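Here are my notes on the model. Please read them with the coordinates open.

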Amino acid sequence: MADSHAKNHDYHLLEPSPWPIAASFSALILAVGAIVWMRSQAGGAGLFGVQGPWVFGIGAMLVMATAFMWWRDVIKESHHGDHTPVVQLHLRYGMILFIASEVMFFVAWFWAYFDVALFPSGIFQPTNVTEQIGLVQRNEFIGGTWPPQPNDAFHSTFDPWGLPFVNTLILLLSGVTVTWAHHAMLENNRKHLIWGLTLTVLLGVLFTFCQAYEYGHAAFNYSGHIYGATFFMATGFHGAHVIIGTVFLFVCLLRAIGGDFTPKKHFGFEAAAWYWHFVDVVWLFLFVSIYVWGAGPNPGGH
């Protein structure tokens with residue numbers, strides 16, 4: 001009798017997995033922790049007596065642990081031969097849709113920034129008391145100009161041609177090295193693949209350190225001012241993506257050293273390279289719009 005469980009198609013039917021629901025709860029804890037943490041900056045209370053940074057940290061660790069276990073299973077599926085050409089194509093579709101969702105994520109931060117940068121005095125006539133109060137507060141915080149007038153919470157913007165420009169060069173160079181690694185892999189040159197990935201990871205770490213140094217010397221804070229809020233949310237989430245991308249590429253580096261990836265089967269690395277190029281492009285938009293265009297007449301002054 002024929003085997004009723006024989007596989008006669010190119011698709012991979014997934015086994016039951018706990019990781020999707022675990023990822024959902026972990027992300028929920030992470031998001032709640034981030035909200036509580038940001039509210040605490042304005043004097044808000046913690047969550048059931050636990051402060052926001054702790055809730056955020058627990059959520060972050062759970063997300064990382066779930067991601068590790070989930071992607072470990074995906075790598076095992078690939079080694080077992082479950083990633084047929086059709087499955088690899090659909091994995092690429094999934095990565096494209098994920099990056100598209102990330103684009104819209106950053107659209108929200110750019111929207112918030114340009115809303116106040118292009119219309120610091122507002123663009124509507126208030127129709128009730130609440131809108132009137134909101135418009136007064138908007139003008140009070142921004143001063144009707146962008147960048148805002150210097151005050152206790154805001155002194156000046158960054159000089160775009162200092163450390164921000166250096167960071168731009170670092171990311172552009174990392175785009176070159178990851179492309180070098182990609183071409184080396186397609187040519188089955190494992191030595192150059194490893195060197196390209198190593199340099200890309202080091203450049204990603206260097207960018208993160210430079211960003212942290214920049215934050216430590218900012219002439220404004222996150223709380224108490226809309227410029228600081230829009231700046232740190234946009235560049236901070238980009239920085240988070242740089243860290244995630246660096247970890248992504250580091251895992252690819254370890255896999256490359258271990259003998260993974262071939263010219264015909266390398267989706268894990270390809271996805272990491274796509275993600276890294278996306279991070280590069282977002283930074284170029286941030287650099288041009290926030291650092292250069294939004295620098296104001298006296299950038300870098302204190």
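1. Terms first. Helices (H or I, at least four residues) and strands (E, at least two) are DSSP runs, numbered from the N terminus. This is a predicted model, in which local features need pLDDT of at least 70, side-chain atom pairs count only at pLDDT 80 or more, and totals for chains, interfaces and linings use all residues. Residues are numbered from 1 along each chain as its sequence is written, and side-chain values use heavy atoms, with hydrogens and water left out.

2. Overall make-up. The chain has eight helices and zero strands. Its pattern along the sequence is α-α-α-α-α-α-α-α.

3. Burial and surface. Buried means under 20% relative accessible area, exposed over 50%, partly exposed in between (1.4 Å probe, protein chains only). By that cut-off, 36% of the 302 residues are buried.

4. Contacts. A contact means heavy atoms within 4.5 Å. Take the contacts in the chain with a separation of 6 or more: 76% of them join residues 24 or more positions apart.

5. The H5/H8 pair. The axes of H5 (residues 163-186) and H8 (residues 267-293) come within 10 Å and cross at roughly 160 degrees. Axes here are lines fitted to C-alpha atoms, for helices over the stretch in contact, with angles from 0 to 180 degrees between N-to-C directions. H5 is therefore roughly antiparallel to H8 (an angle over 145 degrees). The residues of their contact comprise 15 nonpolar, seven polar and two charged. Nonpolar covers Ala, Val, Leu, Ile, Met, Phe, Trp, Tyr, Cys and Pro; charged covers Asp, Glu, Lys and Arg; the others, Gly among them, are polar.

6. Pro-299. This residue sits in the segment after H8. Pro-299 and Thr-157 are 142 residues apart in sequence, yet their C-alpha atoms are 5.0 Å apart. Beyond neighbours within four places in sequence, Pro-299 contacts Thr-157, Phe-158, Asp-159 and Pro-160.

7. Positive phi. Most residues other than glycine have a negative phi. Which values do Asn-188 and Phe-261 take? Asn-188 has phi near 60 degrees; Phe-261 has about 75 degrees.

8. Where those two sit. Asn-188 is in the loop between H5 and H6 (190-216). Its relative accessible area is 53%, so Asn-188 counts as exposed. Phe-261 is in the loop between H7 (226-257) and H8. Phe-261 is buried, because its relative accessible area is 7%.

Key:
Parallel < 35°, antiparallel > 145°, perpendicular 65-115°, else oblique.
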